[in-house]
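Please look at the sequence and the structure below before reading on. The report then takes up the sheet and the helices in turn.

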Amino acid sequence: MSAHIHPAQAIVREVTGPDRTGQISASPSDDGRWDFSLIICDTDGQVMTDLTGVIAPSDVSLVLTVLPLEVATMSAWGGVPPVAERRRKHPNLYTKWTEDEEAALVERFEAGEAYDDIASALGRSAGGVKARLVRLGHLTAKEAGWPMGSLRAAADA
């Protein structure tokens with residue numbers, strides 16, 4: 001059985017809702033698999049969902065079978081823990097960034113502090129720290145690990 005290689009193609013889709021902006025992207029990698037990314041941010045640029053990885057072409061049908069079932073199962077479980085529970089780990093989760101917090105973020109980032117350490121000090125998630133740095137222009141979307149580009153820039157365009 002021979003495989004037919006299609007010319008390099010990329011898929012990028014954006015979806016905007018009342019309180020979320022999301023992008024999904026997929027592009028062929030050098031090893032024949034698909035680099036895949038789904039990023040969803042709230043209106044402040046906080047990353048709410050980040051699914052990134054690779055999918056082998058031979059696994060696409062299995063992914064299409066399994067993923068909807070597992071997402072439905074998670075939904076039946078009530079989704080994610082309540083905000084109050086998640087705030088035990090990240091006390092400032094979903095709160096608006098203050099100018100002082102942004103200044104501390106930039107100072108720590110420019111000093112070379114690790115994302116997890118910055119997040120812990122500011123009561124945020126590492127994804128939230130990266131999203132804010134992208135929004136403030138101190139980090140590119142690629143540097144943040146988002147292969148499809150800046151969601152915030154797309155939302156503002």
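Predicted model: local features only at pLDDT ≥ 70, side-chain atom pairs only at ≥ 80, totals over all residues.

Residues are numbered from 1 along each chain as its sequence is written, and side-chain values use heavy atoms, with hydrogens and water left out.

Helices (H or I, at least four residues) and strands (E, at least two) are DSSP runs, numbered from the N terminus. Four strands form an open sheet in the order 1-2-3-4 with antiparallel pairing, where two strands pair if DSSP finds at least two bridges between them. Strand 1 (11–16) and strand 4 stand at the edges with a single partner strand each, so one side of each has no neighbour in the sheet. Strand 2 (residues 20–28) and strand 3 (residues 34–42) run antiparallel and are joined by nine bridges; in one of these regions, Gly22 has Ile40 of strand 3 as its bridge partner.

Helix 5 (residues 126–136) has as its buried residues (under 20% relative accessible area, with a 1.4 Å probe and protein chains only) Gly128, Val129, Ala131, Arg132, Leu133 and Val134. These buried residues pack, with contact meaning heavy atoms within 4.5 Å, against the elements in the table.

| Element | Residues |
|---|---|
| Strand 4 | 47–55 |
| Helix 3 | 99–110 |
| Helix 4 | 115–122 |

After helix 5 comes Gly137, whose phi is positive, near 85°.

Terms used:
Buried < 20%, exposed > 50% of the residue type's maximum accessible area, 1.4 Å probe, protein only.
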